[in-house]
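User: I would like to go through a model with you. Could we begin once it is on the screen?

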Amino acid sequence: MYTDDKMLLQIISLLKAHNINKIVISSGTRHFPLIHSLEADDYFKLYSIVDERSAAFFALGLIQRTNEPVAICCTSGSAVINYGSAVTEAFYQHLPLLLITADRLPEFLGQKEDQMIEQKNIFRGFIKYSCQLPIINSEIDEWYTNRIINEACINLFQNGKGPVHINYP
């Protein structure tokens with residue numbers, strides 16, 4: 001394992017627990033520790049597609065072909081919004097697409113930072129579930145992180161299939 005970040009270890013562990021092993025990744029720096037850890041784990045099958053819009057539609061094709069959930073992962077800012085068209089398609093086609101988006105620390109929001117946009121509810125209206133992971137500083141933070149990642153993965157299939165979004169700092 002590459003990272004010792006408790007939040008990222010929770011994501012990796014719960015992807016396995018929910019049998020999500022296909023992940024379409026795009027280039028970037030904010031999510032590098034997660035991607036590098038996934039690359040080091042033989043459980044995961046990663047597909048690297050630089051353009052996020054293309055990556056998201058590729059993921060929809062994987063879901064349709066395999067009838068299994070697929071995750072997509074990108075860095076922050078405009079990369080996230082490039083998923084929008086495919087998220088809309090996943091919503092109306094009831095496809096279990098898991099979006100994992102890296103973000104800057106929430107303290108930087110509204111401070112004119114480069115590539116800093118409100119990502120937390122960016123797909124409102126076209127997503128079954130959305131969560132913002134906390135930075136883990138306590139046992140309660142760790143428990144809460146575990147809970148909301150589980151809720152996200154469960155919502156891929158609960159009351160019909162559809163896309164869900166996990167945003168992490």
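Predicted model: local features only at pLDDT ≥ 70, side-chain atom pairs only at ≥ 80, totals over all residues.

Analyst: Residues are numbered from 1 along each chain as its sequence is written, and side-chain values use heavy atoms, with hydrogens and water left out.

User: In what order do the strands of the sheet run?

Analyst: The order is β2-β1-β3-β4-β6-β5, an open sheet of six strands with parallel pairing. Strands are DSSP runs of E with at least two residues, helices are runs of H or I with at least four, and both are numbered from the N terminus. Two strands pair if DSSP finds at least two bridges between them.

User: Which strands stand at the edges?

Analyst: Those are β2 (45–48) and β5 (129–132); each has a single partner strand, so one side of each lacks a neighbour in the sheet.

User: And how many bridges join β3 and β4?

Analyst: Five bridges, in the parallel sense, between β3 (residues 70–74) and β4 (residues 97–102). I72 stands opposite L99 in β4.

User: Changing topic, which residues form the ring cluster?

Analyst: Ring pairs link F91, Y92 and F126 into a cluster. Rings of Phe, Tyr and Trp (its six-membered ring) pair if their centres lie within 6.5 Å; planes under 30 degrees apart count as stacked, over 60 as edge-to-face and the rest as tilted.

User: What is the geometry of F91 and Y92?

Analyst: Their ring centres are 5.2 Å apart and the planes stand at 85°, so the pair is edge-to-face. The rings of Y92 and F126 are also edge-to-face, because their planes are at 70°, with centres 6.1 Å apart. That pair links distant parts of the chain, with Y92 in helix α5 (residues 84–93) and F126 in the loop between β4 and β5, 34 residues apart.

User: Is Y92 buried or exposed?

Analyst: Y92 is exposed at 55% relative accessible area, while F126 is partly exposed at 29%. Buried means under 20%, exposed over 50% and partly exposed in between (1.4 Å probe, protein chains only).

User: How many residues has the largest nonpolar core?

Analyst: It has 30 residues, and I11, L98 and Y168 are among those with the most contacts inside it. Such a core is a set of buried Ala, Val, Leu, Ile, Met, Phe, Trp, Tyr and Cys residues joined through side-chain atoms within 4.5 Å. The largest share, six residues, comes from α1.
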